[in-house]
Amino acid sequence: MYPETLRLIEEKMQDGVFPGTVLRFIEGEKEETKVLGSAQIEPTMIAMQEEMLFDVASLTKVVCTTTVMLKLKEAGKLSWDQTLHELLPEFQNETITLRHLLTHTSDIQTYIPNRDQLNAEELRKAYLTLQPGDQLGKTVKYTDAGTILLGFLIEAIYHKDVVDVFKEEVLQSLDMTDSRFLPQPPYDNIVPTQKLADGTILKGLTHDPKARILASHAGNAGLFTNMKDLSKFAKMYLNLGRVSDIIYLHDKTVQELLYDQTPTGKGRRSIGWDLKFSPLDQAPLLFHTGYTGTFLLLDVVKKSAFIFLSNRVHTEDHRVSYVSHRDEILTCYLNERAKNYQK
């Protein structure tokens, strides 16, 4: 389906950009899946398998947090231009809106002293005191703080731990039966991530340190999932919110995501999603990444998707170089896609 992109991905893997990957191309009713390389290289080598679970890091933001927020808006429980303080009075700032948080335009100043030494309750209290800078609503600056705060809001609305809400409202509703939060041992079917300074290799434990501390209260990361389940999520979007004959999200809700939702209308971000623009497409593509080496690219109009799961932080994190390689893969895919559609 995409031989040039596959060739480039295999070259990157051979060059050590990531030990292994599970990837899938979706074009309407057609799918192509590839399983390449190793799931684990230390302490022992384990071959990659399609059903393995990945710590997908910030894909949690769009799969779970954004999805729940969209459903709450559909239910009339909130609007994007309400302030977080109005809905969650514990949050001290009275100017940051849900739109700011969901489009990364809050300019929230995220420094928390000794952050990784705090316990979950101390970290929660610290996030509730954060304030915006002077670029509120003006510029896009990606941060985890927005979805962490939205996780606290979801808990206040549902009166449940946020991961329990995610399980009920997303994983169970979309039949994502393999997916997990806070998985329990044994971790045999989980792809490991980074090797910490003390020699510990994270496997079955969330890679993001903030989500690791917040545990069941984390809205920014913590989802462990696989290709089968992520494909179910992607297809819900490609079907404009429908799952078989059930309306999970209204088609209008999905279609509105294809527009820039930043306060200025020029930030190239939608509610929860990044927007990728291509000359080929009538509307932008929905895009999001996960720090651990994952991304999801959806074309709602043409009903196509590129789902990429890798273990690029195993065992070392070389983020800057990886981002360059990832963008090269995306460019190759978009160019090859354009050629395919022009045939």
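A residue is called buried here when its relative accessible area is under 20%, and the term is used in that sense for the views of this predicted model.

**View 1. The tilted aromatic pair of Y2 and Y333.** The rings of Y2 and Y333 lie 4.8 Å apart, centre to centre, with 50° between their planes, and they form a tilted pair. This pair links distant parts of the chain, since Y2 belongs to the segment before α1 (3-14) and Y333 to helix α11, 331 residues apart. Y2 and Y333 are both buried.

**View 2. The edge-to-face pair of F306 and F308.** The ring centres of F306 and F308 are 6.3 Å apart and the ring planes stand at 80°, so this pair counts as edge-to-face. F306 is buried, as is F308. These two residues belong to one aromatic cluster, which also includes Y2, F18, F25, F287, F295 and Y333; in the whole structure, a search finds 13 aromatic pairs.

**View 3. Charged ends over aromatic rings.** The charged end of K71 sits over the ring of Y248, at 4.0 Å from the ring centre. In a second example, the charged end of R124 is placed over the ring of F152, 5.0 Å from the centre of that ring.

**View 4. The largest pocket.** The largest pocket holds about 570 Å³ of space, and its lining consists of 22 residues, of which S58, Y142, T289, Y291 and R319 lie nearest the centre. The elements that contribute two or more residues to this lining are β10 (285-290) and α11 (319-342). Sorted by class, the lining comprises eight nonpolar, six polar and eight charged residues.

Notes
Residues are numbered from 1 along each chain as its sequence is written. This is a predicted model: local features need pLDDT of at least 70, side-chain atom pairs count only at pLDDT 80 or more; totals for chains, interfaces and linings use all residues. Side-chain values use heavy atoms; hydrogens and water are left out. On a 1 Å grid over the protein atoms alone, a cavity is a set of points where a 1.4 Å probe fits but cannot get out, and a pocket is an open set with protein on both sides within 12 Å along at least five of seven lines; lining residues have an atom within 4 Å of a point. Grid points are joined across faces, edges and corners, and a volume is the space filled by probe spheres set on the points. Helices (H or I, at least four residues) and strands (E, at least two) are DSSP runs, numbered from the N terminus. Ala, Val, Leu, Ile, Met, Phe, Trp, Tyr, Cys and Pro count as nonpolar, Asp, Glu, Lys and Arg as charged, and the others, Gly among them, as polar. Rings of Phe, Tyr and Trp (its six-membered ring) pair if their centres lie within 6.5 Å; planes under 30 degrees apart count as stacked, over 60 as edge-to-face and the rest as tilted. Buried means under 20% relative accessible area, exposed over 50%, partly exposed in between (1.4 Å probe, protein chains only). A charge sits over a ring if NZ of Lys or CZ of Arg is within 6 Å of the ring centre and within 35 degrees of the ring normal.
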